[in-house]
Amino acid sequence: AHDEYFNPTRINMMSIYISFAFMLLGILFLNIYSLILTRELSYAYYIIYIITSIAFSSMHSGSYLILGLNGWNEGLHVVGSFLVLMLLFFTDRFLEFKKEFPLFHKFFMFSAIIISLFIILIYNNVAFSSLLFNLYSIIFFIMLFIGVVKIFLKGSMDVKYYLLALIVYLPLLGLMVATFNTLLPYSDFTRHAFVVGAFVEIMLFTLILTSRYNTINHEKIRIQKELLYEKGKNELYLEAKIAKRTKELELLASTDSLTKLFNRRYFMEMSESILELTKRNNTSLSIMMADIDNFKCINDTYGHAIGDKVIIMVANILKEYTRKSDIVARWGGEEFITLFPQTTIEGTLKIAQKIRTAIEEETVVLADGKEIKFTISIGVDLVDINNDSNLEAAINRSDKALYKAKDGGRNMVCKYLS
């Protein structure tokens, strides 16, 4: 061992191996960084593979003495067999043999057990263990090469770099193994050419893993963008749904479910605002109260379904003869109220007469084909914008006008007379 350590050729090659080891250290740190970012197991196996490669190359500097191994040959075979084991795990994980080719995966797992046994046997100096390991390694690398080619033929472009690495590395590794087993005459080229192959292999492996990291990173960014886009779409959709539902609830709260006219509460809320605006602009504001004549008799005679139908028909006619700016509401039961902004009492009376006439001409057809007619009484009044602080007084006056129409024989329009 002493003579081997101070061999002149070994000393001349030491600087090359040291440089190789330092380059591997740089690659090692790069892959540790990638492992931290991705947490991908392939990087863990590859990091151990690089560390083992550094240990393997350091055998040339006599580090086998530090590891307590008995000679150069034993050191190379113990560390070399562990190197093959890590290459096995890295390849199986990276190329996903378990998913792509389950049979190859099973062979790799079997080989992992065999190579682990060889490591123990070689370390304990069992006779012929190194030779048997070399023979089994030939079988393993042939199967490895076949497996990589099969994956490549399936169209995986990342594997082309892995295949190229094997094409460069395996022949040069074979030269070294053949030299150690005296199958080739010893020379610096046959002994040390594998360093070039190992460097090319590790650089290509690093290129593959870096490419995969970039792919994973770009995929994450793409997925994040898609998720953000979908989130934005969902938020907009939800906002639209909420706005729509809010509008529906507001409409539900402000309208009468049967006639779809405004209800009494909403009418009172809106009328206060309209009264203020009318006073500010010094314009006219009129109110019309309407009540279906003899409605109780219609309900009692023909039933509530026909009564509801009559109420709906009156509501539709009120909507037809009023403007969008007018506020038409169901006041209660068969009674309706309408507020006419910017409308004089004369104008309101004309509209009321048109409504009364239209209702008088309407008929309801019963199930047996019989037709029934109905009428409406109307009372109108002008809001006194100078004296009325709210609409209560004007509503009461128009209600009195309505009852005047009822007392006058129904089916007529009356205005309030003080």
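Start with F140: leaving aside neighbours within four places in sequence, this residue is in contact with V84, L88, F107, F108 and S111. Keep in mind throughout that this is a predicted model.

**The cores**

The largest nonpolar core has 42 residues, and F140, L144, V148 and Y162 touch the most other members. Which elements give two or more residues to this core? They are α2 (8-38), α3 (41-58), α4 (72-94), α6, α7 and α8 (159-180). The largest share, eleven residues, comes from α4. There is also a second, separate core of 31 residues, and I298, I351, A358 and V364 are among its members. As general background, nonpolar side chains tend to be buried together in soluble globular proteins.

**Rings meeting rings**

Now for the aromatic side chains. A pair of aromatic rings is described by the distance of the centres and the angle of the planes. In this model the count comes to ten aromatic pairs. One of them joins F108 and F140: this pair is tilted, at 5.4 Å centre to centre with 50° between the planes. The pair links distant parts of the chain, since F108 belongs to helix α6 (residues 102-123) and F140 to helix α7 (residues 129-153), 32 residues apart. Are these two buried or exposed? F108 has a relative accessible area of 0%, so it counts as buried. F140, at 1%, is buried too.

Another pair is F118 with Y136, whose ring centres are 6.4 Å apart and whose planes sit at 45°, so this pair is tilted as well. F118 is in helix α6 and Y136 in helix α7, so the pair ties together parts that are 18 residues apart in sequence. F118 is buried, with a relative accessible area of 11%, and Y136 is buried at 13%.

Here are the two pairs laid out together:

| Ring pair | Centre to centre | Angle between planes | Kind |
|---|---|---|---|
| F108 and F140 | 5.4 Å | 50° | tilted |
| F118 and Y136 | 6.4 Å | 45° | tilted |

Ring pairs also build up a cluster, which links F97, F101, F104, F107, F108, F140 and F141.

**A closer look at helix α12**

The buried residues of α12 are I306, G307, V310, I311, M313, V314, A315, I317 and L318. When you look at that list, recall that an α-helix has 3.6 residues a turn, so residues three or four places apart point the same way.

**Two residues with positive phi**

Most residues other than glycine have a negative phi. N282 has a phi near 55°, a positive value in a residue other than glycine. Where is N282? Its place is in the loop between α10 (264-281) and β1 (285-292), and at 60% relative accessibility N282 counts as exposed. Q342 has a positive phi of about 55° although it is not a glycine. This residue lies in the loop between β3 (335-341) and α13 (345-360), and Q342 counts as exposed, with 60% relative accessibility.

**A buried aspartate**

Strand β1 holds D291, which is buried with a relative accessible area of 11%. Not counting residues up to four places away in sequence, D291 touches E334, E335, I376, S377, L402 and K406. The C-alpha atoms of D291 and I337 are separated by 8.9 Å, and the two are 46 residues apart along the chain.

**The chain as a whole**

Stepping back, the chain has 14 helices and seven strands. Of its 418 residues, 43% count as buried. The chain exposes about 22,600 Å², and carbon and sulfur atoms supply 63% of that area. Among contacts with a separation of 6 or more, 67% are between residues 24 or more positions apart.

Conventions:
Residues are numbered from 1 along each chain as its sequence is written. This is a predicted model: local features need pLDDT of at least 70, side-chain atom pairs count only at pLDDT 80 or more; totals for chains, interfaces and linings use all residues. Side-chain values use heavy atoms; hydrogens and water are left out. Rings of Phe, Tyr and Trp (its six-membered ring) pair if their centres lie within 6.5 Å; planes under 30 degrees apart count as stacked, over 60 as edge-to-face and the rest as tilted. Helices (H or I, at least four residues) and strands (E, at least two) are DSSP runs, numbered from the N terminus. Buried means under 20% relative accessible area, exposed over 50%, partly exposed in between (1.4 Å probe, protein chains only). Contact means heavy atoms within 4.5 Å. Accessible areas come from the Shrake-Rupley method with a 1.4 Å probe; for residues, only the protein chains shown count as cover. A nonpolar core is a set of buried Ala, Val, Leu, Ile, Met, Phe, Trp, Tyr and Cys residues joined through side-chain atoms within 4.5 Å.
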